[in-house]
Amino acid sequence: MINSVKNLIFFVIIITATVISIVYYPRPIKSAPPTSVKDTLSSSQLSYFARLGTGVSASDSLIRVALSGNPTNDTNNLFVGDTIGIGTTVTGLLTLYTVKDIGNTALFQINSPISQSNTFVNAAIISTHSAVHTFSFTPQSNFTGGYWEFLIKASNTAGEAINDGIPDSNGFDLGATTPSSGANGVGTRLKVTDVTCPSNWGIGATTAYNVGTTAVITSGVGTTATYHVISCYLGIGGTNQIGVGYTMTIGKDLASGSQLINPSPANTAEGSADVYTFYIRHRDSSSALFDGDTIQGKIALVEAVRVTATVDPTITFTIDATGVGTGSTACNSPAFGLNGANTTATQVAFGTLILDSANDLGHRLSAITNADNGYIVTVYEDGKMENITSGTTIPDTTCGGGGCTTSGVGTSWTSFTASGWGYTIQNLSVGTTIFSYGNYRPFGDGAANAQQIMKNITTPSATEQAYVCYRLTASSTQEAGNYENRLIYTATATF
Amino acid sequence: MTNLSIQPSQLEIQLKPGTNYVQSYIIKNNGDVSVTLNTSVDTWLPQGLNGNIIYLNSPPNLNISLSNSDLKLGQNFILNPNQSKQLVLKIQGDTPGDYYFTFFVNQDVSSNPSTNSTQLIRLGSHLLISISDSELPTTNFKINNFKVQNPFIDCFFSSVKFSGEIQNNSNYFDKIDNTISISKNNTVINKLTIFPDNVLSHHSRTLRCLNDKSPAECQLSKPLWPGIYQASIDNTSTSFIVLPYSLLIFLLLLIIITKLLIDKKNNIL
């Protein structure tokens, strides 16, 4: 009986220990691909690869691109401030320029005249766009002292080198060793120090174990593709955890490192993304590849969208009869008479004039512009106030003998026994008016004698307004009849 | 209400001899009545130093026409309330040089037989055109009369105001792209960006500075340390001295008052 109990207890202990060991110390799964896999690009903008079109001569700074037959056939993926390289007659050598402006889909401007050595039809025009690749994944297997490999598509198109710093139409470029091996910046070759392997696994350095090799992978339909291989090493005795998410980055800020160069467009339809495959693979400490651990992902690149908006300066000018009707005392004038009700935007009808008296009417002027240098409004009369049948005129005012002139600051006009025609201005909200109300002056005759009446040398923040008040006097000897004259208000921006 | 607008209100163009340039304008009647309009062009010359102009009553020596199929320069057209019309101006010139003119949209009305005055709007859009074989014609700016406006500059209460003119001695207009550098003890302590005004060929423009995207008087704000300063634009420079005048005057007054009080006390004793 005692032996039976002992055997039972022993049996229970064994079973319990087995269950605990299975639960808490599971046996590593030797072959299972990582989960939660993705490659996030810091920029998914395709690189620019066009060729020089016809009609560009040495010293031109307007560059025409060839409109067909190249990865890029317009300027749509080019941006002001982009650094571009234009091919020279020396193979592989580029001259660098900066994009100063985009003219249209076929034309852009560079910061300095193009060199003679660049001015041949079909010279390459490139602008590289590169990205930091951030891989995240959750391993489902581990090998002590093993390796994880990250494969990014390289070009296998004939004529395209995968590591010359020139964007390829079928994959990412590793960058060139110019200006020197180990250099940092745009277009330079990716180095092991530009890769940051997960710091929370393995033993030893977090830089890449290997950069610069390629692998050829055959897809299920028998086609082969070339990939850049970037590997991270767990170190001797090191291993990764299973079911724990890791992150690694390929590429550094260009101020202190290098990045893979994004492809130029493979898809001629702009706006359609180019999709590339990447892989994560797993090797053991003897570098044996475990195909069962390989996972595939996709990344998509597309042209950036250039949003441009040009605000053309506009100027708007208004004449209306607001505030100048019957009874108005605009410009500190005596109250406007009944004819004030007949004032329209285009006409001031004085009707029958009161002799030897001031006949006052007015208009309201409004101006607004978004031009940098503001605006100017001028006025001139297109001929004298003239009897429409006899040609007799009412002369331009001398302000009752006060000696006012067309361009002066005006004088007060208090004597009305002589015929005269003139005006004054009341500033309602104008940046600058030329003379203050209470003083009158005659209109300049003809466009050459136009006088400024409203002005702002900066962009006004709101519509600016002024009253213009007309005064017409007729002596008791002024010939009877209908008189007429035209005033031309000219509104322009300031150059 | 007559309310008209034109867009753009100004253009600055560089053309190669013999090339055509086409520009569209949008004319809009924002008013509540129909208006009859026509178009014209008129040359002008700059007048003075502040962007004023004088019209010459003559068309420019360029081939200018409207490309609208239904409209020619000078021909009347009607714009109804809230209606816009696109006018397409075509410009072609062969002779290198600068051309300054204004494209006008003129209001027109039939006469009204009564004693009255008819008021018409003329909206203008300036065109500054350089015709040159070179895309970036060489311009030659010279600084004239560059000086400090206020002779006595107090450390605490005076801003330093600069004045001057920029003269364009070349055959082509250009924008000012320069700064006023303020230095003390051969060290640049401040820079004032000059407003990028257009300076037309063989004309001058008053110096203005950029202040929050707007033109403003060129001035160095108070307070300033005492000392000798130098302001320079390229190779043109002017010097000015900053002193604590207000403090000196205050001390002087204090000394005088103290002395008067002491004298008064002595007299009493």
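The lining of the second largest pocket comprises 41 residues, among which A:Leu94, A:Ile126, A:Asp164, A:Gly165 and A:Ile166 lie nearest its centre. The model is a predicted one, in which local features need pLDDT of at least 70 and side-chain atom pairs count only at pLDDT 80 or more, while totals for chains, interfaces and linings use all residues. Residues are numbered from 1 along each chain as its sequence is written, chains are lettered from A and ligands numbered from 1 in the order in which they are written, and side-chain values use heavy atoms, with hydrogens and water left out.

A pocket is taken here, on a 1 Å grid over the protein atoms alone, as an open set of points with protein on both sides within 12 Å along at least five of seven lines, whereas a cavity is a set of points where a 1.4 Å probe fits but cannot get out; lining residues have an atom within 4 Å of a point. The volume of the second largest pocket is about 1,000 Å³, a volume being the space filled by probe spheres set on grid points that are joined across faces, edges and corners. Its lining has 18 nonpolar, 18 polar and five charged residues (nonpolar: Ala, Val, Leu, Ile, Met, Phe, Trp, Tyr, Cys and Pro; charged: Asp, Glu, Lys and Arg; polar: the others, Gly among them). At least two lining residues come from each of β2 (48-51), β4 (83-87), β5 (94-104) and β7 (124-127) of chain A, and β4(A) gives the most, with four residues; strands are DSSP runs (E, at least two residues) numbered from the N terminus. Because domain 1 (28-45 + 130-301) and domain 2 (48-127) of chain A both give residues to the lining, the second largest pocket lies between them, the domain bounds coming from an automatic or database domain assignment.

Between the two chains, 52 residues of chain B are in contact (heavy atoms within 4.5 Å) with 54 residues of chain A. Chain B and chain A bury about 4,300 Å² between them, 49% of it on carbon and sulfur atoms, where buried area is the accessible area (1.4 Å probe) that two parts lose on being put together, summed over both. One salt bridge is found across this interface, and the side chains of B:Asp108 and A:Arg486 meet in a salt bridge at 3.7 Å, N to O (a side-chain nitrogen of Lys or Arg within 4 Å of a carboxyl oxygen of Asp or Glu).

One cavity of 30 Å³ or more is counted. The largest cavity has a volume of about 50 Å³ and is lined by 13 residues, including A:Phe495, B:Pro46, B:Gly48, B:Ser204 and B:Arg205, which lie nearest its centre. Domain 1 (4-131) and domain 2 (141-245) of chain B each contribute at least three residues to this lining.

Turning to the backbone, a cis peptide bond with omega about 0° joins B:Gln7 and B:Pro8, the latter in the loop between β1 (2-7) and β2 (10-15) of chain B. In chain A, the non-glycine residue A:Cys331 has a positive phi, near 65°, and is located in the loop between β18 (315-320) and β19 (347-349).
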